[in-house]
Every structure is written in C-alpha cells, then in structure tokens.
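Me: I am new to this structure and would like to learn how to read it. Could we go through it feature by feature?

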Amino acid sequence: MLLHTIRPLAVGAALLLAATLGSTAASAAPGSDRPARSSCTARVPGAEHVIGACLADLTTTGTKLTGHTEPIDWLGLEAPGTVAPSAVKGVQLDGYFPDTSTSNTNHNWNHDSQFVIRLPEKWNGGLVVAGPPGLRRQYANDPMISDRALARGFAYAATDKGNTGSKIYQDGVRPGDAIAEWHERVAELTVAAEKVAARHYGRRPTTTYMAGASAGGYLVRWQLENNPGLFTGGVELHGLLLTPDSPNVLDTAPAALRAYPRYRDHVPGAYEEMLAAGYPKGSESTWEFHYQNLWDSLQRTMREEIDPGYDGPKEAGTPFCPANTIKGCDTDYVYADRPASVHRTVARLSLTGNVKRPLITLQGTLDALLPITRSGDVYTRMIDDSGRGRMHRYYRVTDGTHADGLYRGHEDLVRPMAPCFATAFDALSAWTTRGTPPPPSRTVPKPAAGTDVVNTCSL
C-alpha cells in the first residue's frame, strides 16, 4: 500500500522494559529524555540525534511491547497467520540525520531522515539495509525484512528515505528532488550502519545486502546500478519502474482509473481495456479495493512530485474519479504527451537495468497495483539488454499480490510474498558467499493444496 495515516509513535512502557531486562533497562526508550547506558547506545556517524536501548527482543514480537516499532508503519503489509521468529536479543538505535523537512512524526520528533539500526547479540557478520515501500516510515519493513534478517543473525538498518506521506512534492527545490533524496539517504545510512557495526562488534560486516518492496524495491535496483561498492547484492519485490519511456509508474494507473468504473458498470469493452493496460486476469475481485484506495493515490503522488505542472480533473466524484479522491485525479494523464522537461526529470531518476551486483527480483502474477507485465517483466528485459542477466534471477510468483495484507479476505485467490522474500534472501546469501547459484529464473507455480502459503515458499 502506498499511503498511510500518520500519527506519533507510541512510547514503550519503561516498567515493562525494566521487568524484561533488569539493570540494562536504564536504556532510553524511543522518545524518552533519560540517557542510555553506554553499553546500550552508540555514535552513528553523521547523525544529528541518536538514542539507544538494550532489548530482550528486537523482533516485532518484542518491539511492539516496548515501543521500539510503530505498527501503523507496516499496517496492511502482513498476512494473518504469519509465524513470528524466536526472540533476538540486542541493541536498537533510533535517530535522524540532519534534514529540513518534517513529515515524519515518529517519536514526536517531526523530523525526516529518521532511521533505525538493530544489532543482534549473536551476529553472523552481515548487514541488511532497507527502504520502506510507498511513502511509509522506517519501521515499515519490520515484519517482512527486519524480523527475518535478525532471525538469521544479520544486523539491520532502515531509513524513512528522507520524506514521508502524500506531500513529498513539498520537499526539495525542483521536481524529482524528493525521490532523488531517497537515493542519498539509503547510501548515507549504509555507510553509517557499517561503521556502527564495526565499532559494536569489533569488525566490519563481511556482507551488506539491500532489500525492499515497491518504492523500496526501486531503491534496491537503483543502488545496485549506481552504488554497487556499498552492497554485496540485493533482493527486491515488485519494485516501482521509472524509465524515460513507457511503460513506467506514471502511465499505468490512469488507464485503470478510466476503465474500471465502466467495467464496474458493465460497459462493453471496459474489461478488455483493463487487461490491455496490464491488470492481470484473475485479480478482478481486488480491483474495487485498488480503485478506492491505491491507483489514484499512487499515480497522483508520483505525478505531483515529477510533473507538478499537469492540470487534470479536480472534482472528486466526477467521471472516472473515485468518490474519495481528495485532490482531483489523473484519469486523463498521458505521460507520452507531457513536455520534454517532465521526461528529463524522469530520466534523472530512471533505472537502466545495468545492475553490477547480484539481484533477485520477485513479483506476483496477481499484482494489481504495479502489473507484472508492465514492471517486473520489463525490468528483467532491461537487465538482459544491458548484458547483466547472469547477475539476475527473476521469479514470477503465481497468485502473488502487492501487499500481503490483501490475503485477508482473499485467501482462495492470492498468496503472500513475505515467505518468498525469505527464501530468495537465503538464496542470495548462498549465491554471494558460497557461490551456489539460485534456481533459474522462472514462473513459480501455484503451491499444492494444503501448503502453508503464509509461512513457506519454494523457488
């Protein structure tokens, strides 16, 4: 999901923390003014503010109780029935880098470029860095990526990308600046987190991986193309596609906004328009949800950041505009017809397919937010055209969708992607440390009846 309601982080109860950790509970919980013990904090190079805590459990099972995560950051991204890993003891650092924007309200800091770093007591020598999907904040990947990385012994670091919420276009001087900042904030945190780990453990990480989904998946691709020296490899799920030409993230949703209301009203030809725009056959029962909540939000937020000069329909409820549209919609937007300046902005942010480190891509065949034929399939061709196919594996996951929360209510239709991410991450680790190549790229078939698709996935 792209958008979320922003509210302050709930600070964990100090008494609960003390009961759990004994004398180490002098560590400050997020938002607390009490200083942390030296053993429970660390200096983060370049950070303006840092607080630390020794925790009995760095996974979401524990951090939900102590206030060291924010469940609304990952609302809708976890499938019901997901099995949590065992507790992982260690240190958590929360803070922010210097920034002038204030959209992130976590910890009541009202300060962007917030981050979290988690350092497990039992460390395997590796680091995983993540950026959140959509416009969410630094804890958005806690269940899917942080929990799974920590359970395998990796240190973990995540950034809010430097701006959050639906008004990212207010950050920066020129169109595209807010997205360009995403690139910088990932690199900034990666360098800092490696130094923190080196001081904390007495040695530098031997592997550093980038992981993410949706907007975070776009960042995995971009970093492996442009900052390969920082990373050993990456795993991404259904990343946003930005390219100078069609298809890209700006020219997919308008077709759905135009066609879906007519499909819902049984207008002849509208269904064929939806399929022609890439929206997968079989996902029809999810289209109303996407129409009401996601297509317009995704399109309008990205377009306002990249192409603020467009002047489309402004009245909510007018033809082809969802009734709950807040600021008009982009039903008539045609990227190919926009001025050259818009295409130059997109080019500045675009992917090329020239990945320079091993990458595993996953996307669900029933993804109705970023249709697979206009995103994952296209980026894979870009990689092959760049001569980098040997560094890439692409798994099209049958019945996979964009957000695992959609599994609730659609158990007979879609399957969650989080367990496939975990399997792919293990495959990437074996590929980059032991030289064991992952299975060839393929369409992963629908699992056999009775399979626990919420917690297992075979590539």
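Reply: Start with a term: a polar contact is a pair of N or O atoms within 3.5 Å, where, within protein, one must be able to donate a hydrogen and the other to accept it. Keep in mind that this is a predicted model.

Me: Which residues have side chains joined by a polar contact of 2.9 Å?

Reply: The side chains of Gln92 and Asp94 are joined in this way, at 2.9 Å. Gln92 sits in strand β2, which covers residues 90–96. A polar atom of the Gln92 side chain also lies 2.9 Å from the backbone oxygen of His68.

Me: Is Gln92 buried or exposed?

Reply: The general idea is that a residue is buried when its relative accessible area is under 20%. Gln92 has 1% relative accessibility, so it counts as buried.

Me: With which residues is Gln92 in contact, leaving aside its neighbours within four places in sequence?

Reply: Gln92 is in contact with Ile51, Gly52, Ala53, Leu55, Leu58, Thr63, His68, Val116, Ile117, Arg118 and Tyr139.

Me: Now the whole chain. How many helices and strands does the secondary structure come to?

Reply: There are 12 helices and 10 strands. The chain has 459 residues, and 60% of them count as buried. Its accessible surface comes to about 17000 Å², and 53% of that belongs to carbon and sulfur atoms.

Me: Among contacts between residues at least 6 apart in sequence, what percentage join residues at least 24 apart?

Reply: The figure for this chain is 75%.

Me: Where is Ile168 found, and what does it touch?

Reply: Ile168 is in the loop between β5 (155–159) and α4 (177–201). Not counting residues up to four places away in sequence, Ile168 touches Leu135, Asn163, Ala178, Trp182, Thr301 and Glu305. With a relative accessibility of 1%, Ile168 counts as buried.

Me: How do I read empty space in a model?

Reply: Rolling a probe the size of a water molecule over the atoms shows where empty space is left. Here the structure holds two cavities of 30 Å³ or more. About 50 Å³ of space lies in the largest cavity.

Me: Which residues line the largest cavity?

Reply: The lining is made up of Leu240, Leu241, Asn248, Val249, Thr252, Leu370, Pro371, Arg374 and Ser375. Five of these lining residues are nonpolar, three are polar and one is charged.

Me: What volume does the second largest pocket have?

Reply: The second largest pocket has a volume of about 460 Å³. It is lined by 34 residues, and the closest to its centre are Leu77, Glu78, Pro143, Met144 and Ala418. By type, the lining divides into 21 nonpolar, seven polar and six charged residues.

Me: Which helix gives the most to the lining of the second largest pocket?

Reply: That is α3, with five residues. Both α2 (60–66) and α3 (142–151) supply at least two residues each to this lining.

Me: Why is α3 described as largely enclosed by the rest of the structure?

Reply: Nine of the 10 residues of α3 are buried, so the helix is largely enclosed by the rest of the structure. The buried residues in α3 include Asp142, Ile145 and Leu150. Just after α3, Gly153 takes a positive phi of about 95°.

Me: Which residues other than glycine have a positive phi near 75°?

Reply: Lys161 is one of them, with phi near 75°. Lys161 lies in the loop between β5 and α4, and its relative accessible area of 0% makes it buried. Asp399 also has a phi near 75°. Asp399 is in the loop between β9 (392–397) and α12 (418–433), and it is buried, with a relative accessible area of 14%.

How values were computed: Residues numbered from 1 in each chain as written. Predicted model: local features only at pLDDT ≥ 70, side-chain atom pairs only at ≥ 80, totals over all residues. Heavy atoms only, no water. 1 Å grid on protein atoms, 1.4 Å probe; cavity = no way out; pocket = protein on both sides within 12 Å on 5 of 7 lines; lining within 4 Å. Points joined across faces, edges and corners; volume = space filled by probe spheres on them. Nonpolar A, V, L, I, M, F, W, Y, C, P; charged D, E, K, R; others polar. Helix = DSSP H or I, 4+ residues; strand = E, 2+ residues; numbered from the N terminus. Buried < 20%, exposed > 50% of the residue type's maximum accessible area, 1.4 Å probe, protein only. Contact = heavy atoms within 4.5 Å. Areas by Shrake-Rupley, 256 points an atom, 1.4 Å probe, with all protein chains shown as cover.
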